[in-house]
Amino acid sequence: MRDVTLQVEGQTAARDFESFFRAEYRSLCQALLLLVGDAFEAEEIAQEAMTRVLERWDRVGAMDSPTGYAYRTALNLHRKRIRRLAIRARRRLAPVPVGDIGPEAGDRQDVRRAVASLPDGQRAALILVDWLDMDTEEAARALGIEPASVRVRLHRARSSLRDALEVTP
Amino acid sequence: LSDTRELLRRGVEGFEPMPDAFERVLRRRDRKRRNQRITAGVVGIAVFVAAVWVVTTGGAFDRTQTPAAPGASPSPAPAGIDLQELERTVGDVTFSFSVPITGWEAFEGYWEPKDAISINKSIVGPQDAEAMFFWTSFPYDERTDPCARLLPSGTDLAAAVATAPGTELVEGPSDVTVGGYPANHVVLSVREDLGCDPGFFYTWDDPAGGALFPSTTVGDTIRVWIVHVDGTRLFLEAVTTEQADFDLEQEIEQIIRSIRFGDTPTTFPGAPQVDYVLDLNTGAMTPLPEAIIRSLGGSVLSGSYAVSPDDSMLAYVAPDDDGRLQVFVANLDGSGIRQVTYDPVEAISPAWSPDGMRIVHEGYSSGGARGLFVLDVATGEATKVIDVPKPGASPTFTPDGSSIVYTGGTNQQPELRIVPVKGGPSSLLVEPGGGIVDSGNGSISPDGSLVTYLGGGFPESGEVEHCGPCRFVANADGTGKRVIGGWMANPAGTWSPDGSRIVTGTGNPGGAIWVIDVATGEREQAARGRMAIWLDNHTLLVEV
């Protein structure tokens, strides 16, 4: 009854996932932190995304880019959550009064607020490309839009962010 | 790009992921698998989502405070309603409540650990909720939501009611108590479509904002309680639609009355915190031998016991060295523990054959297909009997040992089926009918004359208005069915050996373990725990 080959493969797969997790989890959390603006929520989504990756690891582990799958899952979870709850959970990222921006530029809360003030689509494009180093084609696949749209969103997001933080390009 | 990246880097400065994130992911996976198993075979029937809104306004919740009366003890369940005890923590507040188990399920949103909880029940699927409750403290971003203009800015319930758009006051505002704490209560009726999805009707002056989000429509009834627990306001809202034509009001009231604050024990006072043997005659509770407890590995998926016909051995599920669930056997005294399956994925839900020589279980073939296997305990040789694509098949032998009863069909419409041990086509064991649309989680009585199973729908018999699902007992051919009470069961040990009683649980820690007399329908809550099986006619093995 005992299938030694499969058992060994199973052990290897489990170790593979753990290696993948250790390598990618922090980056995923950071990207989500920028996306949702709340560390706890970022970890919630990251853990759920990683759970889904684990559940499908036999298939995902064999993909060219398991990392891409994890990010796509996380983005979908984020979108789904917003749709389902129909609220915007941004306790720490409420609209930023104009007077709060300039003097404290550089502070991480201000950066998060500035990122959070971007429209959803622009923010996601910015994080995928400028933070995660995806190319626009890859980001487009993750977001389900055209690469050209990613580039437009990216341009607007960078401009808005710099304006908000009074950074000279 | 480098400038932007540097800006973004500042945004994540100081952020450290949880050190035990990997273990959390493993636990989350385990929990999901367990929930899948618990809910597999149970068709969702009516939605009743409940929510409590928690807004921390400063000050820690005082767990030492003794709530004032009323509510020193939970109200008894209305006739025909079995309860499941749930405990949740939102922020720093821990509270428990009882949920009528018929058709209800805890909704485990991934946002739950932080802010929100819901439970639901549906007759038409989760997209057509008939009622709602929430626990959350998510803020509400007025900047982006088109419904923001509808929100009043009331600082108390009366003000909120007065300014709630499109609603009519039906009852209150009144002062009541919930869980022994003062609360304000009001009942509203929705008189016009609020034009937004969701149709918010209330928020308050908390800096973070906040709004209930059910999509209310004309005809909905909204019940609101604001409970003042020291420095914390808990906001409870239940929304019922016009389609909620069975007695949801009674169930809502029961939930509200059952709310208690502070940690709740998940076992009866004095009961062991590990799986134990309960003598129903004497009340004696004896923990399982330490060797068996140790072998369970602390996994919430472990357990699923089955006792051999001669009462000498247990079969149960526990993780192997690689963390995969396998079937183990052990003598009742804890000696002779050995792993008997080496499944490439997992082996679960063991049940003994009447001759005590074989064990049927769910498992996977080396090709990865899920199925039911019959294992020769002495030789370890296993034979696949039939493919079962989904988990939750919960197989058992028929009393003559010739066939296996299991839950087949789909998650949406489970069917109690039977298949010969030697293989071949399966057949439907219970034709639901009579307003019941499905059947599952079943087993045949020791003498072969009766069958018990879960079924959902609207029984034409009128015993209860709605089953979401109910546990039935029927003749073995499916005729003469009647609602017996109780809910989930471990088919490997549902029936007492003399066939006079069945035992049911909920699958959740702290859930009610009911012992039900088959002839009279009389029932008694024997314990708290996830599940229980009969060891002999007066002894249960309780999984905590």
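The model is predicted, so local features need pLDDT of at least 70 and side-chain atom pairs count only at pLDDT 80 or more, while totals for chains, interfaces and linings use all residues. Residues are numbered from 1 along each chain as its sequence is written, chains are lettered from A and ligands numbered from 1 in the order in which they are written, and side-chain values use heavy atoms, leaving out hydrogens and water.

A salt bridge is a side-chain nitrogen of Lys or Arg within 4 Å of a carboxyl oxygen of Asp or Glu. Over all chains, a search of the whole structure finds 19 salt bridges.

One of them joins the side chains of Glu6(B) and Arg9(B), with 2.7 Å from N to O. These residues are three apart in helix α1 (residues 2-11) of chain B, which means that about one helical turn separates them. A helix here is a DSSP run of H or I with at least four residues, numbered from the N terminus. Glu6(B) and Arg9(B) also belong to a network of salt bridges that includes Arg10(B) and Glu13(B).

Another salt bridge links the side chains of Asp20(B) and Arg24(B), at 3.0 Å from N to O. Asp20(B) is partly exposed at 26%, and Arg24(B) is partly exposed at 31%.

Further along chain B, Glu415(B) pairs with Arg417(B) in a salt bridge whose closest N and O atoms are 2.7 Å apart. Here Glu415(B) is partly exposed at 24%, whereas Arg417(B), at 19%, is buried.

Methods. Helices (H or I, at least four residues) and strands (E, at least two) are DSSP runs, numbered from the N terminus. Buried means under 20% relative accessible area, exposed over 50%, partly exposed in between (1.4 Å probe, protein chains only).
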